[in-house]
Amino acid sequence: MKNVENQSQVLLEIKDLRVLFQGRKKLLPAVDGVNLSIRQGEIVGVVGESGSGKSVMSQTILRLREHESEVQYEGSILFDGQDILKLPLASMSKIRGNQISVIFQDPLTSLNPVYTVGNQMSEVLMLHKKMSKQEAREKSIELLNLTGIPSPERCIKQYPFELSGGMQQRVMIAMALACEPKLLIADEPTTALDVTIQEQILDLIVELNKKLGMSVLFITHDLSAMAQLCHSVRVMYLGQIVEEAATAELFACPSHPYTRGLLSCIPRLDTDREEELPVIPGVVPPLTDVPVGCHFCTRCTLADEKCREEEPPVTEVTPGHKVKCWKYGQTEKEKEAVQ
Ligand SMILES: Nc1ncnc2c1ncn2[C@@H]1O[C@H](COP(=O)(O)OP(=O)(O)OP(=O)(O)O)[C@@H](O)[C@H]1O
């Protein structure tokens, strides 16, 4: 996957974002100081284990957590120059689905069971694009065609439950693309699907990114999918980005012990398949137990007192490749110890 031109304009810029939930005794930072930008036409991947804050971050971009009264935000999310966190909710509903669209793991959460595919798609197009019923119908067929649905004319007459999982996912993508969004947020879009369909959906996202030039924020647990799809990757752990780099660079020179741990868990075809894959020891701690210093220190074999007491700085490894670790740059021997 080639790098997107560095000159292309920044579309989304998240600056020092914190999302805090009110716990029983204190505020719990699900997202803790995230900086992330996405250029026009860029596919940015966010990877990390369950509980690292990927979904809270992506839902915050769409302001989908507003119903939770006990959530606080700090920082800014600039989209096309305006701060999403400061917009009135009424303006937000014009951006959502229109300029920023989302596809989730479970298509049935986004599709309405009591309307046909055609009705749901037409409604979006008539509302946001002010199309007539006939125009909306034609556009719906065109979009379903674009996502590789074999007989779109039949599909628009069907209800979501009449379609297979892969077809539902394609319909959801078609709906997400209906208004030609500038940004598509894909939150684990293929996890619930079988491997062949996963491949097809990932290929489709790449194809649409190339064809329509839309930017994509791709959220996953799956580093192999990330390698296939993304121009650059952010590795997230317990609310923070611990490493970021162009995809090829991250795979060639992983510099954070957590990234190395994640990479070592990917099955390799050139080794004995019977061999057990290593796992990163321990689990992601709950938000009530976030360590004071480096968030990863409780699971890191390199951690010392400083790691447990002070938050590590972000260091630039090479231009565009950053790592948040006190141990970065220490001897190769120490690095090998975490592999
Ligand atoms: N309403 C809430 N109140 C308190 N904590 C919450 C709330 N919603 C999410 N969290 C916590 O925020 C943290 C981040 O959750 P999030 O769902 O973003 O993780 P994730 O990386 O997307 O995980 P997954 O891959 O399983 O979806 C978790 O510890 C979760 O328990």
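**From one bridge to the whole chain**

Glu243 has Val323 of strand S12 as its bridge partner. The model in which this pairing is seen is a predicted one, and the pairing belongs to a contact between S10 and S12 (residues 321–324) that runs in the antiparallel sense over 2 bridges. Glu243 of S10 also stands opposite Val235, and the strands concerned there, S9 (residues 232–237) and S10, run antiparallel and are joined by 6 bridges. S9 and S10 make up a hairpin with 2 residues between them, and in its turn Leu238 has a positive phi of about 45°. Strand S10, residues 240–246, is mostly covered, since 7 of its 7 residues count as buried.

Which residues of H10 are buried? They are Pro257, Tyr258, Thr259, Gly261 and Leu262, and the buried residues of H10 pack against S3, S9 and S10 as well as against helix H8 (223–229) and helix H9 (247–252).

A further sheet is open and has 4 strands in the order S2-S1-S4-S5, with antiparallel pairing. S2 and strand S5 (82–83) each have a single partner strand and stand at the edges, so one side of each is left without a neighbour in the sheet. Strand S1 (residues 10–22) and strand S4 (residues 71–79) run antiparallel and are joined by 8 bridges, and one of the pairs between them is formed by Leu12 with its bridge partner Phe79 in S4. Helix H1 lies across S1, S2 and S4, running at about 65° to S2.

Both H1 and S2 return at the ligand. Strand S2 (27–39) and helix H1 (54–61) each supply at least two residues of the shell around the ligand, and H1 gives the most to that shell, with 3 residues. There are 15 residues around the ligand, of which Phe21, Ala30, Ser50, Ser55 and Val56 come nearest. By class, the shell is made up of 6 nonpolar, 7 polar and 2 charged residues.

At the level of the whole chain, the division is into domain 1, which covers 10–99 + 179–337, and domain 2, which covers 111–178. The C-alpha centres of domain 1 and domain 2 are 31 Å apart, and contact between the domains involves 13 residues of domain 1 and 12 residues of domain 2. On the side of domain 1 that touches domain 2, helix H7 (residues 195–212) gives the most, with 4 residues. The residues of that side of domain 1 divide into 10 nonpolar, 2 polar and 1 charged.

Pro113 is found in the loop between S6 and helix H3 (117–128). Is Pro113 buried or exposed? Pro113 counts as exposed because it has 8 C-beta neighbours inside 10 Å, where 12 or fewer is the limit for that class. Leaving aside neighbours within four places in sequence, Pro113 is in contact with Tyr159, Pro160 and Phe161. Pro113 and Gly165 lie 52 residues apart along the chain, and their C-alpha atoms are separated by 14 Å.

Key
Residues are numbered from 1 along each chain as its sequence is written. This is a predicted model: local features need pLDDT of at least 70, side-chain atom pairs count only at pLDDT 80 or more; totals for chains, interfaces and linings use all residues. Domain bounds come from an automatic or database domain assignment. Two residues are in contact if their C-beta atoms, placed from the backbone, lie within 7 Å. Ala, Val, Leu, Ile, Met, Phe, Trp, Tyr, Cys and Pro count as nonpolar, Asp, Glu, Lys and Arg as charged, and the others, Gly among them, as polar. A residue is near a molecule or strand if its C-beta atom, placed from the backbone, lies within 6 Å of it. A residue is buried if 20 or more other C-beta atoms lie within 10 Å of its own, exposed if 12 or fewer, and partly exposed in between; C-beta atoms are placed from the backbone. Two strands pair if DSSP finds at least two bridges between them. Axes are lines fitted to C-alpha atoms, for helices over the stretch in contact, and angles run from 0 to 180 degrees between N-to-C directions.
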